[in-house]
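Dear colleague,

I am passing on the structure below, together with notes on what was found in it. Please read the notes with the model open beside you.

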Amino acid sequence: MAVDELDTRILRLLLEQPRTSVREYARILGIARGTLQARLDRLERDGVITGSGPALSPGALGHPVLAFVHIEVTQGHLDDVGDALAAVPEIVEAFSITGGGDLLTRVVARDNAHLEDVIQKLISLPGVVRTRTEVALRERVAHRMLPLVESVGRAARK
């Protein structure tokens, strides 16, 4: 899906001012509300915009410990383990990967003891062979999309 310069401007506004109304976005951009709505609908339909809910802080929810847990899975059980991971609320993301392990999960916990409990729960899942855990010490670059959007916008202008 090609993203043009107007799409880039729309995405930038959505990222910078997420709680603004569609009417106000249209005013800021100097375009008709219908044009903006059509663009937003297309960007959602094409999977560029994947959500509009608030970004939540696990730390503020009482889960300040962040760890990345690599999970090695018995051959042929990747889907089963993936389904089981979805039932563990402390797992906020999980990806199948190449390299050292089969799955990479992002896990949040209240403290190190709670993290150990979560890891023990993961180890006990049928199909899990072993895990390897890396604890994050400090976030150096927060999740962001604006630099990518700006890069795509520059490429669209060329």
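Leaving aside neighbours within four places in sequence, Val-129 is in contact with Glu-72, Val-73 and Thr-74. Two points of background apply throughout. This is a predicted model, in which local features need pLDDT of at least 70 and side-chain atom pairs count only at pLDDT 80 or more, while totals for chains, interfaces and linings use all residues. Residues are numbered from 1 along each chain as its sequence is written, and side-chain values use heavy atoms, with hydrogens and water left out.

To begin with the chain as a whole, the protein chain has six helices and four strands, where helices (H or I, at least four residues) and strands (E, at least two) are DSSP runs numbered from the N terminus. Read along the sequence, these elements follow the pattern α-α-α-β-α-β-β-α-β-α. The radius of gyration of the protein chain is 20 Å, whereas a compact globule of 158 residues would have one near 15 Å; the radius is taken over C-alpha atoms, and the globule rule is 2.2 Å times the number of residues to the power 0.38. Along its principal axes, the C-alpha trace spans about 55 × 35 × 25 Å.

Buried residues make up 28% of the 158 residues, with buried meaning under 20% relative accessible area, exposed over 50%, and partly exposed in between (1.4 Å probe, protein chains only). Among contacts between residues at least 6 apart in sequence, 68% join residues at least 24 apart.

Turning to the annotated part, the unreviewed UniProt entry carries the annotation "domain: HTH asnC-type" for residues 3–64; UniProt positions are given in the numbering used here, feature names are shortened, and annotations may be inferred rather than shown by experiment. That span of residues 3–64 is 53% helix and 0% strand, and its end C-alpha atoms lie 36 Å apart.

Within helix H1 (residues 5–16) is Glu-16, which counts as partly exposed because its relative accessible area is 40%. Glu-16 and Gln-120 are 104 residues apart in sequence, and their C-alpha atoms are 40 Å apart in space.

The loop between helix H3 (33–45) and strand E1 (65–73) holds Leu-56, and Gly-59 is also placed in the loop between H3 and E1. Is Leu-56 buried or exposed? Leu-56 is exposed, because its relative accessible area is 64%, while Gly-59 counts as partly exposed because its relative accessibility is 36%. From C-alpha to C-alpha, Leu-56 and Asp-102 are 27 Å apart in space and 46 residues apart in sequence.

Thr-74, one of its contacts, is 55 residues away from Val-129 in sequence and 6.1 Å away in space, C-alpha to C-alpha.

Methods: Contact means heavy atoms within 4.5 Å.
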